[in-house]
Amino acid sequence: MTKRKGLATWQEITTGCVVFDPGSASEYHTGSWRAQRPVWDNQKCIKCGICYIFCPEGCVQQSEDGFFQANMDYCKGCGICAHECWPRAIAMVEEG
Amino acid sequence: MAKRIGMEVAVAVAEAVGQCDIDMAAVYPITPQSHIAEHLSDLVADGKINAEFVTVESEHSAMSAVIGASGTGARVYTATSSQGLMLMHELLPIASGMRLPIVMGIANRAVSGPLNILNDHSDIMPQRDSGWISLFAENGQEAIDLSIQAFKIAEHKDVQLPVCVNIDGFQLTHMVEPLEFPDQELVNKFLPTRVPYATLHPAKPVTMGAFSMSDYFTEIMKAKDEALKNSKKVILEVWDEWAKMFGRSYKPVETYKAEDADILMLTMGSMGETAEMAIDGLRAKGVKAGLIKLRLWRPFPFAEIKAVVKNAKKLIVTDRAVSFGGPGGPVFSEIKSALYAEIQRPAIYNYIIGLGGRDVTVPDFVHMFEKVIADKANKAVDTYEFWGVRE
Ligand code: SF4
Ligand code: SF4
């Protein structure tokens, strides 16, 4: 799946869908079906890290400046980060 | 030629599996399969075969254990029946989806409720779409032969799919039949060591059973369907090789006096032999009756079915299971869809027979033929009837 551009055809699927490259799960971008995305407002953020801890996907990352953001390749748009962020620094915005 | 010995068929199936150099078996006992489990564990305990027999607490665990073991590259076997197969149901498409060449013996038995321990095909029918190759044995010899062949078919590089061998519970499993065991050296030649496409091993990590979203799921299902359809070619090759090595030939669709028959009957499993006796009786009276015996249930042998029925005027399909609220028995539905586009096809009748172990005798089969012959206006065509139901 990793050695070509675009998605594999049925003929290219490995027997039994075995993944032969260890540690390649990150190459499978699982956030494609997200309906909403989290948008951070760093004016309100107090850098408590609650969003980082609660994200069930583990896709919230801390930037060098100490603020947080989600990796949109894996974010499912579940809204848990926004729900848990008590200063209300995260807004869920409809995906276009 | 090897000498024939008298043996109970379930025990013989375990003996035959013991000839296949299995590495591991996990079998949970259930009537009428238990003698397979017992005898296989005896073979291991007595040191007659060098395999691991994993005792498990349920059929769900038995199937899970063989899936894991098969993933390591081991040659594995399991067997079950009825409720046990229903409990395995969840795992069957996983085994086929992971393309693991597991071999399973099924001592076919009615599913509850009400609780019934006797033979019909209501356990295998709900597994129809699970992606397994499904073979039906008609007698003890076939049960042995198919069990050995199953490993070769399953493990073939162009197949890599699980195979189940259906053996009618009691009617076959508990019969003592004269059986010919293939010579061990020939079996070793016929069945080389498994070459897995991947193995679970810490030295070379792979992921089996990974997650897939809608972006890949369709392609994966298509690949599995193609693999199952393509397996027929390998099944035919394996049967050819078997015939050359052991002198017994196998076909996806067997026939008995069918070539010139006006009226055909189709059976699957052990009832074929009883139906043959009915046909002999009818032939003696001048009725051009014949029999079709379906050995390969999945992949379904469409071309072979079309070829054998094309000159018949009427076809009686017997089913050993009910598709409640459906168009008739499951085999009937399949045969009808196989023949739908044919310009020349027989009028098809369906009798649901032998449910929960009810005996179907030679006179019963004769009566089915007579009833269909008497239906001159084809009134009962495309309908189904519960044979012998009290009303
Ligand atoms: S939970 Fe809210 S306040 Fe805390 S770090 Fe995340 S965005 Fe900032
Ligand atoms: S929306 Fe859900 S998946 Fe996305 S960053 Fe927030 S918690 Fe994680």
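**Figure 1. The cis peptide bond at B:G113 in a loop of chain B.** In this predicted model, B:G113 belongs to the loop that runs between strands β5 (103-108) and β6 (133-136) of chain B. The peptide bond joining B:S112 to B:G113 is cis, and its omega angle is about 0°.

**Figure 2. The cis peptide bond between B:R298 and B:P299.** Omega of this bond is near -5°. B:P299 is placed in the loop between β12 (296-298) and α10 (302-309) of chain B.

**Figure 3. The aromatic pair of B:W297 and B:F300.** Over all chains, a search of the whole structure finds eleven aromatic pairs. In the pair shown here, the ring centres of B:W297 and B:F300 are 6.0 Å apart, and the ring planes stand at 80°. Planes over 60 degrees apart count as edge-to-face, so the pair of B:W297 and B:F300 is given that name. B:W297 has a relative accessible area of 1% and is buried. B:F300 also counts as buried, because its relative accessibility is 6% and the cut-off is 20%.

**Figure 4. The aromatic pair of B:Y351 and B:W387.** B:Y351 is part of strand β14 (residues 347-352) of chain B, while B:W387 is in the segment after β15 (384-386) of chain B. The two parts are 36 residues apart in sequence, so the pair ties together stretches of the chain separated by that distance in sequence. B:Y351 and B:W387 are both buried.

**Figure 5. A cluster of rings in chain B and a lysine over one of them.** B:F190, B:W242 and B:F246 are linked into a cluster by ring pairs. B:F190 also has a lysine over its face: B:K152 lies there, at 4.7 Å from the ring centre.

**Figure 6. A lysine over a phenylalanine ring in chain A.** The lysine is A:K47, which lies over the face of A:F67. The distance to the ring centre is 4.4 Å.

**Figure 7. Positive phi angles at A:C17 and B:F170.** A:C17 is a residue other than glycine, yet its phi is positive, near 55°. A:C17 is found in the segment before β1 (36-40) of chain A. With a relative accessibility of 18%, A:C17 counts as buried, because the term covers values under 20%. In chain B, B:F170 is likewise a residue other than glycine with a positive phi, near 65°. B:F170 sits in the loop between β7 (163-168) and β8 (176-180) of chain B.

**Figure 8. The fold and extent of chain A.** Chain A contains two helices and four strands, and from the N terminus on these elements follow the order β-α-β-β-α-β. Along the principal axes, the C-alpha atoms fill a box of roughly 50 × 30 × 20 Å. The radius of gyration of chain A is 17 Å, whereas a compact globule of 96 residues would have one near 12 Å. Of the 96 residues, 33% count as buried. The accessible surface of chain A is about 6300 Å², and carbon and sulfur atoms account for 53% of that area. Among contacts in chain A between residues at least 6 apart in sequence, 63% are between residues at least 24 apart.

Terms used
Residues numbered from 1 in each chain as written. Chains lettered and ligands numbered in written order. Predicted model: local features only at pLDDT ≥ 70, side-chain atom pairs only at ≥ 80, totals over all residues. Heavy atoms only, no water. Phe/Tyr/Trp six-rings, centres within 6.5 Å; stacked < 30°, edge-to-face > 60°. Buried < 20%, exposed > 50% of the residue type's maximum accessible area, 1.4 Å probe, protein only. Lys NZ or Arg CZ within 6 Å of the ring centre and 35° of its normal. Rg over C-alpha atoms; globule rule 2.2 N^0.38 Å. Contact = heavy atoms within 4.5 Å. Areas by Shrake-Rupley, 256 points an atom, 1.4 Å probe, with all protein chains shown as cover.
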